[in-house]
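Dear colleague,

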Amino acid sequence: MSDLYDVIVVGGGHAGCEACAAAARTGAKTLLLTHKKSTIGEMSCNPAIGGLGKGHLVREIDALDGLMAKVIDKAGIQFRMLNLSKGPAVRGPRAQADRSLYRKYMQQALAETENLTIEEAAVEGFVIINDKLSGVVLADGQKRLAKAVVLTTGTFLNGVMFTGHQTTIGGRIGEISCTGITPYLKQMGLKLGRLKTGTPSRLNADTIDWNVLERQSGDENPQAFSFLTDKITNRQIDCGITSTNERTHKIIRDNFNKCALFSGLITGKGPRYCPSIEDKLVRFADRTSHQIFLEPEGYDTNVIYPNGISTSLPADVQSDFIHTMKGLEKVEILQFAYAIEYDFVDPQELSHCLGVKKIEGLYLAGQINGTTGYEEAGAQGLVAGVNAALYAKNSGKEFYIDRSQAYIGVMIDDLITKGIDEPYRMFTSRSEYRLLLRADNADARLTELGYKIGCVGDERYMIYKEKMEKIQSFNNYCRNKTVSYADIENQGLSVKHSGKKSLKDVMSYPNVSRETIENIDSEIKNIDDKIYEQIEIDAKYSGYLKREYEDIEVFKRDENMKIRDDIDYSKIGGLSTEMVQRFTRVKPKTIGEASRITGVTPAAVTALLGYIKNA
């Protein structure tokens with residue numbers, strides 16, 4: 001038996017890293033248990049962080065003092081702001097990573113985290129004392145005791161890898177799977193299922209004909225992920241672009257019968273928005289080609305990640321179809337692709353705090369909850385870690401983020417109210433409040449909340465406060481600074497109005513650049529770019545933002561109407577058996593949450609609302 005920890009985190013992937021760091025930051029004595037210390041922070045699949053929706057999550061993790069943004073800023077080798085030509089709400093930061101540097105800097109960040117111990121061990125069960133979760137059992141029979149446990153098992157929970165009809169037990173190539181935890185979860189009454197994901201082959205960069213390929217460069221002025229990073233100084237590397245063709249597709253189609261995905265070996269559902277190449281050929285049968293991005297895995301490696309051709313086809317078939325693509329005719333394949341199937345827990349078993357409803361003190365984060373992606377995992381890990389720490393410290397508090405505050409809140413609310421039938425991926429379209437939940441203002445939305453709950457440190461909070469004071473001061477200046485019609489006309493702007501306008505009013509006009517504003521008022525040249533950006537967005541979208549704030553007020557009314565935990569839905573008149581079952585399974589905490597449960601009708605919500613008001 002070991003010393004008693006406040007929190008034990010199982011798994012050293014992206015969810016586990018954020019969970020153990022967050023728990024420790026919140027003041028909990030924390031233990032991270034992982035199969036191999038050397039693979040902590042490993043990028044198991046694509047060497048990239050961020051993207052549309054995903055980049056928002058990374059900024060939100062950073063606003064809550066998490067690790068992912070700071071690490072990618074140090075390890076990134078190509079930074080791009082996606083959708084830069086579109087509005088700020090749908091812009092998403094993305095960066096290619098040096099895989100080894102990312103792992104190095106994540107491990108370094110954890111090594112420097114106070115209250116955190118890291119131990120190399122496999123977890124195969126739980127310690128139950130007096131019907132209460134009290135720790136974990138290791139593969140060698142030893143026990144580690146804790147007041148709370150966070151499971152972040154990724155693809156290791158009964159993981160099986162497939163290359164054609166060849167199967168290998170494991171959670172990642174070269175690593176064992178975790179087989180002991182699933183029986184415990186089933187005994188606890190949790191609903192489990194199987195999901196599938198995959199990874200493409202790895203190619204030798206020195207054997208690719210780069211001269212015939214289109215190149216993709218990063219942004220000239222790369223933007224950092226972390227609000228604490230002043231500037232990206234890393235050398236930027238280009239990616240290459242090739243594509244499949246009709247020859248490629250014929251080889252794949254001719255070998256569908258050898259594919260684990262279509263032969264019945266794999267039963268779990270794969271990610272719709274990151275499909276395997278064979279899945280693409282079925283779903284987009286009319287397409288004659290698919291674009292493939294050739295992404296370098298780092299500065300000092302010749303390994304290339306071909307983004308877009310994950311597959312479960314046999315190795316010989318992979319070799320045949322890869323060599324049909326432009327620039328890859330003579331490429332050396334360093335590692336063949338494989339699919340992986342693994343267990344997950346139905347996320348409707350969870351609360352908004354990512355605690356398991358049936359097992360006090362147990363929290364789940366990452367792919368075990370049915371999500372896909374490093375960013376989704378990291379965000380869940382942070383929330384689960386903070387809540388595990390608050391529970392272990394008997395604080396009486398919960399760290400709750402609703403869907404009007406962050407994409408983290410949108411994701412968790414989607415998971416626990418709707419459940420999943422395929423791996424969940426974050427998109428900006430999942431939010432009703434996209435103009436407010438932008439990547440650029442994640443700190444304004446979340447840092448104060450994180451500081452109050454204890455997971456944001458003093459250093460970050462002071463930097464945040466200084467930034468907010470500058471924004472407020474500049475905002476007041478622009479509101480109070482008057483501009484005459486003559487000043488506007490001198491800039492070549494045709495705007496009809498009488499009297500004077502404020503400088504902020506002028507900012508809201510279409511096609512008004514910062515240069516124009518500086519010509520009207522030279523003081524603006526002294527304003528930091530990030531501060532200016534916040535005021536400009538507020539000015540240009542003020543009418544839309546006002547409407548979203550009004551929508552949020554309506555949302556809050558429903559969210560503030562609480563539902564008792566002990567309510568007996570079978571006693572509510574007008575509810576069908578199906579509605580009773582849906583409400584009983586999810587156990588919504590508010591009317592708003594109840595209304596978002598998949599399959600729940602407006603009439604059922606009305607009946608529930610009437611019952612609560614008359615109770």
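By class, the lining of the second largest pocket divides into 14 nonpolar, six polar and 16 charged residues, where Ala, Val, Leu, Ile, Met, Phe, Trp, Tyr, Cys and Pro count as nonpolar, Asp, Glu, Lys and Arg as charged, and the others, Gly among them, as polar. This is a predicted model, in which local features need pLDDT of at least 70 and side-chain atom pairs count only at pLDDT 80 or more, while totals for chains, interfaces and linings use all residues. Residues are numbered from 1 along each chain as its sequence is written, and side-chain values use heavy atoms, without hydrogens and water.

The pocket (on a 1 Å grid over the protein atoms alone, an open set of points where a 1.4 Å probe fits, with protein on both sides within 12 Å along at least five of seven lines; lining residues have an atom within 4 Å of a point) has a volume of about 1,200 Å³, taken as the space filled by probe spheres set on the points. Of its 36 lining residues, Asp-528, Asp-529, Lys-530, Ile-531 and Glu-533 lie nearest the centre. Helix H16 (529–540) is among the helices that supply at least two lining residues each, and H16 gives the largest share, seven residues; helices here are DSSP runs of H or I, at least four residues long, and strands are E runs of at least two.

Elsewhere, four strands form an open antiparallel sheet in the order E11-E10-E19-E12, two strands being paired if DSSP finds at least two bridges between them. Strands E11 (166–169) and E12 (192–199) stand at the edges with a single partner strand each, so one side of each is left without a neighbour in the sheet. Three bridges join E10 (residues 160–163) to E19 (residues 338–345), and Val-160 has Glu-341 as its bridge partner in E19.

Best regards
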